[in-house]
Amino acid sequence: MSSYFRALAGALSAETLKLRRTLALRMCGVTPAVVVTLCVLQFGLTELEVGQTREAAWKAFAGASFALWAFLMMPLFVTLEAALLAGLEHSDRQWKHLLALPVPRSVHYLAKWTALVALLLTTALLFVGLIALGGWALTFLRADTGIGGWPPLFWLLRLCTSMVVAGLFMAAIQLWVAIRWRSFTVAVAAGMTATVAGFIIGQSRFGRFYPWTMPVQLFAKKGEHAGFAIAASLLGATVVLALSMWEFSRRELNT
Amino acid sequence: MNAIETHALSKRFAGGFGVHELDLAVPAGAIYGFLGPNGAGKTTTIRLLLSLLQPSGGTIAIFGEALTTRRRGALAHVGALVESPSLYGHLTGRENLEVTRRLVGVAERRVGEVLAVVELAGDADRLVRTYSLGMRQRLALALALLAEPRILILDEPTNGLDPAGIQELRALLRRLTAERGITVFLSSHLLAEIELIATHLGVLDRGRLLFQGTLDELRRCAPPRLVIECDDPARALCELAAAGEAVTPDGDGTLVVALRSRTSAQINRLLVEGGVEVARLTLDDASLESLFLALTRAEAPRA
């Protein structure tokens with residue numbers, strides 16, 4: 001078992017190195033920055049009802065950012081990151097080199113999964129930082145929004161990390177698609193279709209069961225299904241991860 | 001001990017056999033040329049040897065250690081280059097090696113050592129996307145050598161290389177075998193290439209192993225031919241046939257005899273004593289190409 005974890009540590013270290021100079025890494029900063037910028041513009045240019053207290057104002061601004069993030073940007077981000085991570089190995093047929101090494105096949109898959117979750121978590125933390133910066137920018141641009149002082153950091157961090165957990169089911173499916181099929185287009189098309197379908201499914205009573213709209217459940221209907229979404233996502237991700245690792249370990253590499 | 005040994009190794013694909021009951025025996029320290037026309041099953045065999053494909057039947061052992069889907073430890077003895085090099089273009093040559101080094105957990109000094117072996121130390125910090133094909137091939141070879149393997153499995157390693165690059169690769173492989181005792185399993189459809197470097201041969205056609213052994217053993221399967229030019233081919237033909245020689249006219253007035261029991265001097269004497277004036281005798285050693293063609297053509301009707 002210790003040799004397995006040593007191999008996993010090596011594979012994770014290799015994944016970190018592979019991410020150098022990649023779009024996958026740059027997207028971690030770009031995506032949340034786009035969301036926060038749009039929300040700052042929205043609050044800065046339109047008349048919006050904000051809270052009576054500073055905290056309520058912060059939560060109104062952060063809530064708008066989270067809504068855009070959870071509904072649209074996070075599913076697209078997960079789609080793109082999974083496709084880019086898998087693309088690193090598909091592009092020059094690196095799988096035939098990696099899988100001929102004396103390393104258990106599941107280690108390669110687990111390393112990719114960990115890299116995807118780490119990127120998602122890093123982006124979520126950057127998102128919290130950018131929300132704080134965006135809020136402070138608004139105190140200068142639009143003092144009447146009521147935003148000021150320190151943001152509710154604990155609340156932001158809790159919501160952000162919960163959203164990552166609620167997105168794990170979706171991430172596990174996207175990673176499997178991206179690794180299973182060599183084509184970048186297949187992975188991106190699958191993710192985009194699932195995201196767009198989420199616009200409809202998310203508003204129905206099935207929204208809490210649909211992996212792409214589970215993160216939205218954290219604040220939809222005042223978080224009525226938040227607990228269910230987190231538990232279902234964790235369970236779904238575990239099952240999908242186990243099945244995809246099993247499938248990956250048995251896959252034949254004939255091209 | 002054999003470096004690679006397979007028994008009845010088979011791989012069946014939908015639509016027909018990939019390879020059929022291969023009994024490979026690659027001696028340790030040999031340069032084993034794995035020869036076959038395109039589509040013969042060379043790459044399938046190599047993918048089986050690297051556990052990239054699961055056999056439909058048969059066994060594989062690397063230095064006596066069984067290789068199966070679940071027991072992949074034997075791959076620790078192997079360094080491989082399958083078809084084109086698999087490299088990360090956005091990383092430098094050194095970083096590419098570092099990725100594999102972290103995966104297999106070898107000492108950091110190995111990166112510098114293999115860069116020196118393939119003579120890429122000067123370009124190690126350039127992005128791989130700027131490398132020429134020859135440099136990419138050498139880097140892929142460095143990747144294969146990184147974990148100090150006892151066997152190198154190389155699938156068509158000269159693909160895309162210019163003549164100078166091919167010559168460099170050949171010299172490098174010879175050096176590795178001589179200095180480090182590495183066994184090289186080299187697949188190619190280039191007969192001349194294999195003839196220049198291999199100590200042992202395996203000839204594969206339509207998924208079946210037609211021959212396995214040393215080059216000399218292969219040559220013994222097909223004796224050298226004696227080409228005879230004389231004043232009276234018809235009479236010479238009768239004399240040789242009467243003496244029990246397998247002789248065939250070659251169309252342009254020459255005769256061809258497969259040398260089995262008699263030497264060329266004895267054939268010459270036989271003709272002279274029979275009253276034939278011999279103008280020229282040419283000994284035609286069977287080239288690997290002619291042996292290969294003879295083997296694969298002989299096999300053709302069986303398929």
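**Entry 1: helix H1 of chain A**

I started with what lies over H1(A): the cover on its buried residues includes helix H3 (54-90) and helix H5 (105-141) of chain A, together with helix H2 (93-104) of chain B. Contact here means C-beta atoms, placed from the backbone, within 7 Å of each other. This is a predicted model, where local features need pLDDT of at least 70, side-chain atom pairs count only at pLDDT 80 or more, and totals for chains, interfaces and linings use all residues. Residues are numbered from 1 along each chain as its sequence is written, with chains lettered from A and ligands numbered from 1 in the order in which they are written.

I looked up the buried set of H1(A) next: Ala7(A), Gly10(A), Ala11(A), Ala14(A), Glu15(A) and Lys18(A). They sit on the same side of H1(A), because their arc around the axis is only 145°; the arc is taken from the directions from the helix axis to the C-beta atoms. On the other side, Ser2(A), Phe5(A) and Arg6(A) are exposed. Buried means 20 or more other C-beta atoms within 10 Å of the residue's own, exposed means 12 or fewer, and partly exposed is in between, with C-beta atoms placed from the backbone.

For length, H1(A) covers residues 2-18, 17 residues in all, and reaches 24 Å from first C-alpha to last, close to the 24 Å expected. That expectation is 1.5 Å times one less than the number of residues. Helices (H or I, at least four residues) and strands (E, at least two) are DSSP runs numbered from the N terminus.

**Entry 2: chain B overall**

I counted through chain B and have ten helices and 15 strands. Its C-alpha trace spans about 80 × 45 × 35 Å along the principal axes. Of the 303 residues in chain B, 41% are buried. Among contacts with a separation of 6 or more, 70% are between residues 24 or more positions apart.

**Entry 3: the six-stranded sheet of chain B**

I traced an open sheet with the order E7-E8-E9-E4-E10-E11 in chain B and mixed pairing. Strand E7 (78-81) and strand E11 (208-214) are at the edges with a single partner strand each, so one side of each has no neighbour in the sheet. Pairing needs at least two DSSP bridges between the strands. The twist averages 15° from one strand to the next.

E7(B) pairs with strand E8 (residues 151-155) in the parallel sense over four bridges, and there Val78(B) has Ile151(B) as its bridge partner. Helix H1 (residues 42-49) of chain B packs on this sheet and makes about 145° with E8(B). H4(B) lies across E7 and E8 at about 160° to E7(B). Axes are lines fitted to C-alpha atoms, for helices over the stretch in contact, and angles run from 0 to 180 degrees between N-to-C directions.

I then checked one residue of H4(B), Leu133(B). It counts as partly exposed because it has 14 C-beta neighbours inside 10 Å. Beyond its neighbours within four places in sequence, Leu133(B) contacts Gly160(B) and Leu161(B). Gly160(B) is 27 residues away in sequence, at 7.0 Å C-alpha to C-alpha.

**Entry 4: the four-stranded sheet of chain B**

I found another open sheet, ordered E13-E14-E12-E15 with antiparallel pairing. Strand E13 (247-249) and strand E15 (278-284) stand at the edges, each with a single partner strand, so each has one side without a neighbour in the sheet. Here the twist averages 25° from one strand to the next.

Strand E12 (residues 225-230) and E15(B) share six bridges, with Val227(B) partnered by Thr282(B). Helix H9 (residues 264-273) of chain B packs on the sheet, touching E12, E14 and E15, at about 155° to E15(B). Helix H8 (residues 233-242) of chain B lies across E12, E13 and strand E14 (255-258).

**Entry 5: positive phi**

Most residues other than glycine have a negative phi, so I noted the exceptions I looked up. Lys221(A) has a phi near 50°, in the loop between helix H8 (184-201) and helix H9 (226-250) of chain A. Glu119(B) is near 55°, in the loop between helix H3 (109-117) and helix H4 (133-145) of chain B.

Note on methods:
Two residues are in contact if their C-beta atoms, placed from the backbone, lie within 7 Å.
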